[in-house]
Amino acid sequence: MSDLPEAARAFADGDVALLPAALADADGAALVALLVERGDAARLQRLGESPDKALAKRARKALHLLKTRGVNLPAAPKREYRPQGPYVAEESSLASMIDGRGERVVWLVRAGEGSFDIFEAQLSDTRGILGFSAATAPKKEWRQHLTRVLADERLAVARVSERHARQLIEDGYKRTLAAGRVPPEAFARARLSLGHLEPETRHPSLEAAPPKPIAEVRGALPTLHALPELRTWIPPEEALPALDLEIGNIVTSKLIVDPAQRHEQLAAAIVRIANDALTPAYRALLAERLRETAYLLAQRGKRDEAQLASTAAELTLDESVAAADNPFVLRLFDKVIKVPPPEEEPPAAPPTSSLIL
């Protein structure tokens, strides 16, 4: 037992519900032998579903051995497809666009014998895996769903490679642990069935929609926020109270009576809050959202918009570029407030806050 890898020991002892992602042959044999000694049919059954054929075969043999010893084996769960919403996937795997809270749905699809195995993960780019389910669907039925979904522009779903979908789910798992959260039990049961993880060395958006020279498109970067795919994006929640306070103070100030001066003060406040919010961590998060969006836009045939998103990602990652010099970031903050045009007076009785949530 002491010679087992840490992941295998944790799985055998029940400290975690997750199956070990990969085991050497000798480690697999030792883990199976330990579970047989304990009569742990439930964990052996889960190992019997492993994509590692040698490990699965060894676990099934062990289950048969326990059965001959009179151990009651748990019934294998029957999975079947039940469409629960408008989003569906097929063998190429799919992903939805990222919403204003940094959340999306990813469908990892793997071909089975006469059917598809579908793994649906609800992901947050800050909290990790929010929900997870697994199902099977007949190939013909699934393809019919796929055709309808991809034809509906309102659903904002695009094809992604199986490798990328697998990467997104694994990244979600790591974020779950980093946030101190427990992965859903359904993910724990299905993890070995997700297939081999081949880490991506380069984000696929860099091939599908390479960034353009910033000098050529700088003025167009704010237009990204007009796209349906980015329209709901807002600044990080922790920055909103400070922004709300700054704007409230300016629009209610009796010392600022000139509309042009008020507009100038509002613009300066946005720059201050944006500069403070654009930490290295938020730069990385925002750039990742932009790259993911660029990839999906390119997959949906919107190459020009995709390249704009890729360019915004590269500019945002550049720590030498402050928020004041990043038109995409400034517009992200600017669009959540109502800034009156400089030639117009603000309302006679302005609200204490003009923040739009």
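In which sense do E1 and E2 pair, and over how many bridges? The structure examined here is a predicted model, in which local features need pLDDT of at least 70 and side-chain atom pairs count only at pLDDT 80 or more, while totals for chains, interfaces and linings use all residues. Residues are numbered from 1 along each chain as its sequence is written, and side-chain values use heavy atoms, with hydrogens and water left out.

E1 and E2 pair in the antiparallel sense over two bridges, where pairing requires that DSSP finds at least two bridges between two strands, and where strands (E, at least two residues) and helices (H or I, at least four residues) are DSSP runs numbered from the N terminus. Leucine 94 stands opposite tryptophan 107 in E2, and in E5 the bridge partner of leucine 94 is arginine 159. The hairpin formed by E1 and E2 has six residues between the strands, and glycine 102 in the turn has a positive phi of about 80°.

Nine bridges join E2 to E3 in an antiparallel arrangement, with arginine 110 bridged to aspartate 117 in E3. E2 is mostly covered, as seven of its nine residues are buried, buried meaning under 20% relative accessible area, as against exposed at over 50% and partly exposed in between, with a 1.4 Å probe and protein chains only.

These strands belong to an open sheet of five strands with antiparallel pairing and the order E4-E3-E2-E1-E5. Strand E4 (128-138) and strand E5 (157-159) stand at the edges, each with a single partner strand, so one side of each is left without a neighbour in the sheet.

A separate feature is the nonpolar core, defined as a set of buried Ala, Val, Leu, Ile, Met, Phe, Trp, Tyr and Cys residues joined through side-chain atoms within 4.5 Å. In the largest such core, of 61 residues, Phe132, Leu290, Phe328 and Phe333 touch the most other members, and helix H12 (residues 280-299) gives the most to this core, with nine residues.

The axes of H12 and helix H14 (residues 327-334) come within 13 Å and cross at roughly 95°, axes being lines fitted to C-alpha atoms, for helices over the stretch in contact, with angles from 0 to 180 degrees between N-to-C directions. H12 is therefore roughly perpendicular to H14, a term for angles of 65 to 115 degrees. Contact (heavy atoms within 4.5 Å) is made by Tyr282, Leu286 and Leu290 of H12 and by Phe328, Val329 and Leu332 of H14.

Terms used: Angles under 35 degrees count as roughly parallel, over 145 as roughly antiparallel, 65 to 115 as roughly perpendicular and the rest as oblique.
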